[in-house]
Amino acid sequence: MPRPYTIQTYKATILEIQMQLFYAPGISLPEYTLSEEESAHCMKVLRLGAGDELFLTDGRGNLYRAAVTVPDAKRCRVRITDTFPEYGRRSYGLTVAVAPTKNTDRYEWFLEKATETGIDRIIPIECRHSERRTLRRDRGERVVTSAVKQSLKAYHPQLDELTPLAGVIGMPFDGTKLIAHCRPAPERKFIGEAVRKGGNTLVLIGPEGDFTEEEIAAAQEAGFIPVSLGESRLRTETAALAAVTVVAFINGME
């Protein structure tokens with residue numbers, strides 16, 4: 001039976017997991033076969049054997065304690081012995097829509113660090129000044145999944161396909177909508193003053209050339225609040241991570 005989630009359960013369990021967390025998005029109970037990649041890591045890297053304990057997550061907030069039953073390097077079989085629902089659930093929601101950088105490594109660095117810090121959804125956007133107009137989502141998914149496991153999270157952020165900015169501006173969103181830009185605007189406020197603790201936040205981060213005046217105007221007409229990330233001029237991936245960090249700080253770095 002699932003164990004009721006409490007903060008004490010969370011703190012105690014995170015100490016047990018250490019680095020043995022596996023991603024199992026299609027998990028079935030009470031037994032499950034790890035993917036070939038996860039099986040190889042389990043057997044060849046960690047050298048686990050029959051009866052050894054490990055933890056799995058489905059990426060939807062469920063953490064599972066399991067024991068190895070069939071130690072196979074290609075099809076490792078485990079039995080679920082305990083379930084921790086809503087493991088590490090945050091009290092706030094965060095979506096960042098960011099223009100991917102020309103250098104893919106810098107964009108993927110943001111995916112990794114944002115996942116480690118805490119984020120629900122990442123939407124790569126195509127803007128007027130975008131440096132990159134094609135993107136391999138599968139590469140980004142691998143980066144996000146690796147960061148989920150490394151940071152011991154049970155929630156896997158949603159990573160969207162490359163989306164036109166207009167599509168994000170027009171999509172329904174129940175929460176605070178912000179657009180961070182560098183153009184002079186008397187109504188701009190520091191992002192920390194606009195974020196509502198415990199609420200849902202959507203932040204738009206533009207490309208190196210910033211959003212155009214037309215894009216900013218369209219966002220504001222759709223209810224986006226113009227914000228600043230401080231006095232320094234930041235690279236796109238730095239600005240996006242700064243936004244993630246500020247929202248996390250406002251919410252107590254959960």
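Modeller: Two strands pair if DSSP finds at least two bridges between them; helices (H or I, at least four residues) and strands (E, at least two) are DSSP runs numbered from the N terminus. This is a predicted model, in which local features need pLDDT of at least 70, side-chain atom pairs count only at pLDDT 80 or more, and totals for chains, interfaces and linings use all residues. Residues are numbered from 1 along each chain as its sequence is written, and side-chain values use heavy atoms, with hydrogens and water left out.

Colleague: Which are the edge strands of the open sheet of five strands?

Modeller: The pairing in this sheet is mixed, and its strands follow the order β1-β3-β4-β5-β2. An edge strand pairs on one side only, which holds for β1 (21-23) and β2 (31-33). The edge strands are therefore β1 and β2.

Colleague: In β5, which residue is the bridge partner of threonine 33?

Modeller: Three bridges join β2 to β5 (residues 77-84), and this pairing is antiparallel. Within β5, the bridge partner of threonine 33 is arginine 77.

Colleague: What angle does the direction of helix α2 make with that of β1?

Modeller: Helix α2 (residues 36-45) packs on the sheet and touches β1, β3 (53-57) and β4 (63-70). Axes are lines fitted to C-alpha atoms, for helices over the stretch in contact, and angles run from 0 to 180 degrees between N-to-C directions. On that scale, the angle between α2 and β1 is about 160 degrees.

Colleague: What is the relative accessible area of glycine 49?

Modeller: Glycine 49 is found in the loop between α2 and β3. Apart from neighbours within four places in sequence, glycine 49 is in contact (heavy atoms within 4.5 Å) with Val68 and Pro71. Buried means under 20% relative accessible area and exposed over 50%, with a 1.4 Å probe and protein chains only. Glycine 49 counts as partly exposed because its value lies in between, at 22%.

Colleague: In β13, which residue is the bridge partner of isoleucine 179?

Modeller: β10 also runs parallel to β13 (residues 225-228), joined by three bridges. The bridge partner of isoleucine 179 in β13 is proline 226.

Colleague: What distance separates the C-alpha atoms of glycine 192 and isoleucine 250?

Modeller: Glycine 192 lies in helix α6 and is buried, with a relative accessible area of 18%. Leaving aside neighbours within four places in sequence, glycine 192 is in contact with Val246 and Ile250. Glycine 192 and isoleucine 250 are 58 residues apart along the chain, and their C-alpha atoms are separated by 7.1 Å.
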